[in-house]
Amino acid sequence: MPFQPVLLWTDALLFLLVGLAVLFAWQARRREHLRAPWREVARRPLAMASAVVLGAYALIGLADSVHFRPALEQPGPQGERRYAPEVWSLLDLALAPLRLQAEKTYSAPFAVRLYVKETVQAPDGTLQRVRPRLRWGGAHLEDPGRRWADVAARAARGAAGGLALWGLAGAAWLAWRARRWGCRWREALARVAAGRTELPWRAVWLTAAALLLLAGAVAALAPHYHVLGTDKVGEDVLYQSLKSVRTGLVIGTLTTLVMLPFAVLLGLAAGYFRGWVDDVVQYLYTTLNSIPGVLLIAAAVLMLQVYMANHPEAFPTATERADMRLLFLCLILGITSWTGLCRMLRGETLKLRELDYVQAAQAFGVGSGRILLRHLLPNLMHIVLISVVLDFSALVLAEAVLSYVGVGVDPSMHSWGNMINAARLEMAREPVVWWTLAAAFLLMFALVLAANLFADAVRDAFDPRLRGA
Amino acid sequence: MLAYVVRRLLYALPILIGVNLLTFVLFFVVNSPDDMARMQLGVKRVTPEAVEAWKRERGYHLPLLYNAEAEGLGRLTETIFFQKSVRLFAFDFGRSDAGSDIGYDIRQRMGPSLAVAVPIFVIGLAVNVTFALLVVFFRATYVELWGMVLCVALMSISALFYIIAGQYLVGKVMRLVPISGFGEGLAAWKFVVLPVAVGVVSGIGSGVRWYRTLFLEEMGKDYVRTARAKGLGEGAVLARHVLRNALIPILTGSVVLLPLLFMGSLILESFFGIPGLGSYTIDAINAQDFAIVRAMVFLGSVLYIVGLLLTDLSYTLVDPRVRLS
């Protein structure tokens, strides 16, 4: 094989989560009472547009979760195939030019010259302080003065490519839709364009167009310029911010995945069995809840650091180490955040267990396990779902703060928090090094905004009591 | 009333014991003091003597739970558990790993923390409630729609962005106030203005949304319909009836936060160089000073439990419908 697949823990859990989501969607398709609220969500233009943006992020994150080690050119001493020590992902492969085109240090977006001055020897032997040309950014230009014309031309070509792709996909989809609607495609186009469809397809396709235009332009520019500049060690900021997407997604989703079993099990048990079980569970979550979250996380991560420093043999490669730390961070965040959901589930179970249908099941002699699983759990799923989507954006934002406090993801891992942390001191420079901060904040803002808008729609659809609130 | 307070206090005791045990397990059982010493002294090339000296200096050389070598009661008191964990109950925080007196540090740093946290809390509450009332007043219009969109957008911006943007714009470009630092007495005001403004602005998005749901919940009740039916204008209904009734959940929801104001804000204080408890904690985390982090975890939980107690009390004081049982 020309490569050796590597399955990190977070990769496995992430794909497990995708599998669960697909399973859930398949289940929901067949049941009308589950389909109805989702249809409600799908009818909202804002929610669907957000879903497209979230989908784009998920695509980047999943592409970054397929890891492998490429084979080396030279075979080993016994002629066996050897693999490179560093772990790559599919995203790295796609962004290979960005990853390899490193400069010496800072350079502004679309710059052709370095940010700092260097002393070079002029041909006549004198020493001069100049800002040298970049090794990669705009290196193809003979006359740096024509840079912006070149940028505009390339961006236009890339955007046109993106638009063409959009047009092709749109046409294919429209043909299929026209068949389903039983009308000519021209009519179908008019319907979508006027927004006279059951689902807000116009919003979906407009968002997709915006994304593809942007992606096309960036893809055309990125091999020749540093679209978002470079950082202190000359690494491309666009590459960093795209790699950070996965970290944000992992923290936002896996945290809830690891906390769900605890919260659901304990909440259900406390509400259903009451008595001493209830006392113990209540005591547990009140105790955990009374410790300020950041401090508990800080204490736990400090202890993790001690453990990792004293047991280096448990983490053979730097990637695995960073990955384990990310997973532990999710675990710790999960432990501090399950209390809210557990309390809500307990309250709802207390209410549900008194209802007639549960009493009837008990009277028929149905076992406790079966009642919990078949009669109570399905009626609590909307609470779980709402809390999962609502937590997501808060967790993405929390990652940045934790990395600043020094208890976030591994410093070697790409994350928005680490980017901000590394760049914030550069605001004091003159001229200001703003691009790293801007890139991290912008990508984080887009993800969190989309997640918030989507979460609002989900909450409104699944919890009718809060509608209009 | 007194009996009620005493009962609540007794109820808080097992929780505090739980927190104490949890921190003990986290700090001393998950990793032994040897591990901590090796981490502090550098993992490689550290002699057992150096580890022993480090532990002895900080009192970590004692056995964890039971000291077989000591006499009488000393078997239980001459242990890490008693010296480091049980003493926290008496608010005896001991010395930090770097050697300073934690109790003294905390008393010194409470003032600056409060100087920032209290204005943020008061102004933030007033601003959020006002905006939420406005949004409710203009409900079912474009003002509400765009107000809510704006709130979601504000909520989606990282708190770090508000701080960095505020420091850059107000401190560096406009040069209105110093970027960071702190002064003695009233001279500190110019250091406090910017962090307070940043703190208030970063809380607006979620705050307005939260208070709006509270108001809307009240709007659906019968007394509001009665007030309208007797011909009151919308403004009067909101100000005189809805606001007053909604003050109950607002007040009781805020009381729980009051004691935690002592802890200050972690990131605000460290960005603005305010010598409060928040930056104290961050410095301790960065220096891996376990004693300080342990003390702050305990202090934070105590304050949270005090907040819960105050919430229960405020319910009974504010709302005559809630009687003590």
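Figure 1. When its neighbours within four places in sequence are set aside, Leu352(A) is in contact with Val358(A), Leu376(A) and Asn379(A). Val41(A), which lies 311 residues away from Leu352(A) along the chain, has its C-alpha atom 26 Å from that of Leu352(A). The model shown here and in the following views is a predicted one.

**Figure 2. Helix α9 of chain A and its kink.** Helix α9(A) runs over residues 237-273, and at 1.5 Å a residue its 37 residues should span 54 Å, which agrees with the 54 Å that separate its end C-alpha atoms. Along this helix, a kink of about 40° is found at Met259(A), shortly before the proline Pro261(A). Of the 37 residues of α9(A), 28 are buried, so the helix is largely enclosed by the rest of the structure.

Figure 3. Most residues other than glycine have a negative phi. Arg274(A), by contrast, has a phi near 50°, which is a positive value, and it is placed just after α9(A), in the loop between α9 and α10 of chain A. Because 14 other C-beta atoms lie within 10 Å of Arg274(A), this residue is partly exposed. In chain B, Ala140(B) has a positive phi near 60° and is likewise a residue other than glycine. The loop that holds Ala140(B) lies between α6 (102-137) and α7 (142-155) of chain B. Ala140(B) counts as exposed, with 8 C-beta neighbours inside 10 Å.

**Figure 4. The three-stranded sheet of chain A.** Strands of a sheet pair through backbone hydrogen bonds, either parallel or antiparallel. In this sheet of chain A the three strands follow the order β1-β2-β3, the sheet is open and the pairing is antiparallel. Its edges are formed by β1 (3-6) and β3 (88-89) of chain A, each of which pairs on one side only. Strand β2(A), residues 67-70, runs antiparallel to β1(A) and is joined to that strand by four bridges. Within this pairing, Val6(A) stands opposite His67(A) of β2(A).

**Figure 5. The contact between chain A and chain B.** In this view, 39 residues of chain A are in contact with 44 residues of chain B. On the side of chain A that touches chain B, at least two residues each are supplied by α10 (275-290), α11 (293-310), α14 (368-405) and α16 (435-462) of chain A. Helix α11(A) provides the largest share of that side, namely 12 residues. Sorted by class, the side of chain A that touches chain B has 30 nonpolar, eight polar and one charged residues.

Figure 6. The secondary structure of chain A comprises 16 helices and five strands. Taken along the principal axes, its C-alpha trace spans about 100 × 70 × 55 Å. Of the 469 residues in chain A, 38% are buried. Among contacts in chain A between residues at least 6 apart in sequence, the share that joins residues at least 24 apart is 70%.

**Figure 7. Chain B, a chain with helices and zero strands.** Chain B has 14 helices and zero strands, and its elements read along the sequence as α-α-α-α-α-α-α-α-α-α-α-α-α-α. The radius of gyration of chain B is 25 Å, well over the 20 Å that the globule rule gives for 325 residues, and the chain is therefore more spread out than a compact globule. A box of roughly 85 × 60 × 35 Å along the principal axes is filled by the C-alpha atoms of chain B. Buried residues account for 35% of the 325 residues of this chain. Of the contacts in chain B with a separation of 6 or more, 67% come from residues 24 or more positions apart.

Notes:
Residues are numbered from 1 along each chain as its sequence is written. Chains are lettered from A and ligands numbered from 1 in the order in which they are written. This is a predicted model: local features need pLDDT of at least 70, side-chain atom pairs count only at pLDDT 80 or more; totals for chains, interfaces and linings use all residues. Two residues are in contact if their C-beta atoms, placed from the backbone, lie within 7 Å. Ala, Val, Leu, Ile, Met, Phe, Trp, Tyr, Cys and Pro count as nonpolar, Asp, Glu, Lys and Arg as charged, and the others, Gly among them, as polar. Two strands pair if DSSP finds at least two bridges between them. The expected span of a helix is 1.5 Å times one less than its number of residues. The bend at a residue is the angle between axes fitted to the seven residues ending there and the seven starting there. A residue is buried if 20 or more other C-beta atoms lie within 10 Å of its own, exposed if 12 or fewer, and partly exposed in between; C-beta atoms are placed from the backbone. The radius of gyration is taken over C-alpha atoms; the globule rule is 2.2 Å times the number of residues to the power 0.38.
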